[in-house]
Amino acid sequence: RIFNNRTAMSITQEQFEKAAAIVGDKSVTPVRKASYSEKCRLYGLYKRATVGKLNPPYGDDDTDTDSRPKSRPGMLSVEARSKYDAWAATDDMSKQEARDAYFKLAEELVGPPVSELKK
């Protein structure tokens, strides 16, 4: 599924942070359970929106670049490898595009608690 940024309103940093808090809140009941793939996608989008690119060249707004993994985790490290791949898949996005895509996916999964943040 490709996210087209031109068809949606841009999400503010504050709306993004509130949506991320709702997604992480275990007391909020989602509209539907996220698949493993969707959880990985949320992780990758979150990392891109908050920290920046996984791989160089880094932008001026990318933070903490020295602590990034230097290579892809091995195949026996399934979770770490999935997270790495999800974050790497967002390298061609801007931070704003990642925030917008994260919010859109969070809306699909959680529903009204996230949707109401756009008002």
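Trainee: Is Phe 16 buried or exposed?

Mentor: Please note that this model is predicted. A residue counts as buried under 20% relative accessible area. Phe 16 has a relative accessible area of 1%, so Phe 16 is buried.

Trainee: How many aromatic pairs does a search of the whole structure find?

Mentor: The search finds 3 aromatic pairs. In one of them, the ring centres of Phe 16 and Tyr 46 are 5.8 Å apart and the planes lie at 25°; planes under 30 degrees apart count as stacked, so this pair is stacked. Phe 16 belongs to helix H1 and Tyr 46 to helix H2, 30 residues apart, and the pair thus links distant parts of the chain.

Trainee: Why is the pair of Tyr 46 and Tyr 102 called tilted?

Mentor: Their ring centres are 6.2 Å apart with the planes at 55°, so the pair is tilted. Tyr 46 lies in helix H2 and Tyr 102 in helix H4, so parts 56 residues apart in sequence are tied together. Tyr 46 is partly exposed at 35% relative accessibility, whereas Tyr 102, at 4%, counts as buried. Ring pairs link Phe 16, Tyr 46 and Tyr 102 into a cluster.

Trainee: Against which helices do the buried residues of H2 pack?

Mentor: They pack against helix H1 (13–24), helix H3 (78–88) and helix H4 (95–110). Among these buried residues are Leu 42, Leu 45 and Arg 48.

Trainee: What does the side chain of Asp 100 reach?

Mentor: Asp 100, in helix H4, reaches the backbone nitrogen of Ile 11 with its side chain at 2.7 Å. Asp 100 is buried yet has no salt bridge; Arg 99, the nearest side chain of opposite charge, is 5.8 Å away.

Definitions and conventions:
Residues numbered from 1 in each chain as written. Predicted model: local features only at pLDDT ≥ 70, side-chain atom pairs only at ≥ 80, totals over all residues. Heavy atoms only, no water. Buried < 20%, exposed > 50% of the residue type's maximum accessible area, 1.4 Å probe, protein only. Helix = DSSP H or I, 4+ residues; strand = E, 2+ residues; numbered from the N terminus. Contact = heavy atoms within 4.5 Å. Lys, Arg positive; Asp, Glu negative; His and termini not counted. Salt bridge = Lys/Arg side-chain N within 4 Å of Asp/Glu carboxyl O. Polar contact = N/O pair within 3.5 Å; in protein donor to acceptor, adjacent residues only side chain to side chain. Phe/Tyr/Trp six-rings, centres within 6.5 Å; stacked < 30°, edge-to-face > 60°.
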